[in-house]
Every structure is written in structure tokens, then in C-alpha cells.
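Here are my notes on this one, written for someone new to reading structures. Have a look at the picture first, then go through the points.

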Amino acid sequence: MTTELKPDMFAPECPTRQVPMRIGDKWTAMIVLCLEDGPRRFGELLVPLSAITKKVLAETLRAMERDGLVTRTEFPANPPHVEYALTPLGRSLLTLIDAARGWCAEHLPELTEARRAYTSSFSAASKIS
């Protein structure tokens, strides 16, 4: 028997609501991996993250800085030189990311098959109606 879900399980005072869920967004984990070996400039991050727009990268880095996951260091130069680096808190995400990547690698065939089956059943159902 499953336990009943409580209406207040995500109440405003619940600690899980206070935790930034930044790691679950589309780009944070990839940025963390890009910064794993040390500080990087904005333009360097755009190379492996070629699908991200400059605007979204800037917004994501700003949110990560706000959450204490990265630091932004400006160097006096012409043109301005800015580097981003993981904080110890940001570095602690590497364990979670490694676990998620391991899970994905282990279960990729199952995920692929589930998606294929879903798409097939959805396509078949839409042909009937």
C-alpha cells in the first residue's frame, strides 16, 4: 500500500523549496563540467556549448553566481577579461552529475526503447482518430 501524499509536502517552509534547483535546468550541469578543470572565459564556454545562445549562457552564469555555484572575476584589460570558476559548492555538484551520467549510461538502451515505443503508440493512435 502506498502512503498518501500530504498537501503540505512542499510547503513554503519545507527545506527542499529553499534549495536552488539550478542543477536541474538544461545548461547548469554542462557548465559545471566545462569549469571542472579550472576557470574559463565566457567565449571558451561557448565552444563546447555551441547550442546555447550568449543571452542564455549569461543568464545561467548569473543565476549560478547568485546561487554560489560560480565566481565571476573581472580582470582590468582592454577589452575587459572575465573568468568564471566553480566555487567549492559548485564543485560539490560534480558528484551528483557523475551519478546522473552513470545512471543515464546504464539505462540508455531502456530509455531509447521506451521513447521508441511511446512514439510508435502515439503515431498509431493518431492514425486511428
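1. Let's start at Arg66, which counts as exposed with a relative accessibility of 60%. The words used here are buried for under 20% relative accessible area, exposed for over 50%, and partly exposed in between (1.4 Å probe, protein chains only). Arg66 forms a salt bridge with Asp67, and their closest N and O atoms are 3.1 Å apart. A salt bridge here is a side-chain nitrogen of Lys or Arg within 4 Å of a carboxyl oxygen of Asp or Glu. Asp67 counts as buried, at 16% relative accessibility.

2. A quick word on the basis. This is a predicted model: local features need pLDDT of at least 70, and side-chain atom pairs count only at pLDDT 80 or more, while totals for chains, interfaces and linings use all residues. Residues are numbered from 1 along each chain as its sequence is written, and side-chain values use heavy atoms, with hydrogens and water left out.

3. How many salt bridges does the structure hold? There are 5 of them. One of them joins the side chains of Glu74 and Arg72 (2.9 Å, N to O); Glu74 is exposed at 53%, and Arg72 is partly exposed at 38%. Another joins Arg116 and Glu113, at 2.6 Å from N to O. Those two sit 3 residues apart in helix H6, so about one helical turn separates them. Arg116 is partly exposed at 46%, and so is Glu113, at 38%.

4. Now the overall layout. The protein chain has 6 helices and 3 strands, in the order α-α-β-α-α-β-β-α-α along the sequence. Helices (H or I, at least four residues) and strands (E, at least two) are DSSP runs, numbered from the N terminus. Of the 129 residues in the protein chain, 26% are buried.

5. What about the inside? The largest nonpolar core has 20 residues, and those touching the most other members are Ile31, Val32, Leu35, Leu45, Leu49 and Leu57. Such a core is a set of buried Ala, Val, Leu, Ile, Met, Phe, Trp, Tyr and Cys residues joined through side-chain atoms within 4.5 Å. Helix H2 (28-35), helix H3 (42-46), helix H4 (54-66), strand E3 (81-86) and H6 each give two or more residues to this core. H2 gives the largest share, 4 residues.

6. Leaving out residues up to four places away in sequence, Val32 touches Met64, Leu86, Gly90, Leu93, Leu94 and Ile97 (a contact means heavy atoms within 4.5 Å). Ile97 lies in helix H6 (residues 93-128) and counts as buried, at 5% relative accessibility. Ile97 is also 68 residues from Ala29 in sequence, yet their C-alpha atoms are 6.6 Å apart.

7. Met9 comes in the segment before helix H1 (15-18) and is partly exposed, at 38%.

8. Last, the cysteines. The structure holds 0 disulfides, where a disulfide is a pair of cysteine sulfur atoms within 2.5 Å. Cys34 is buried at 17%, whereas Cys104 is partly exposed at 39%.
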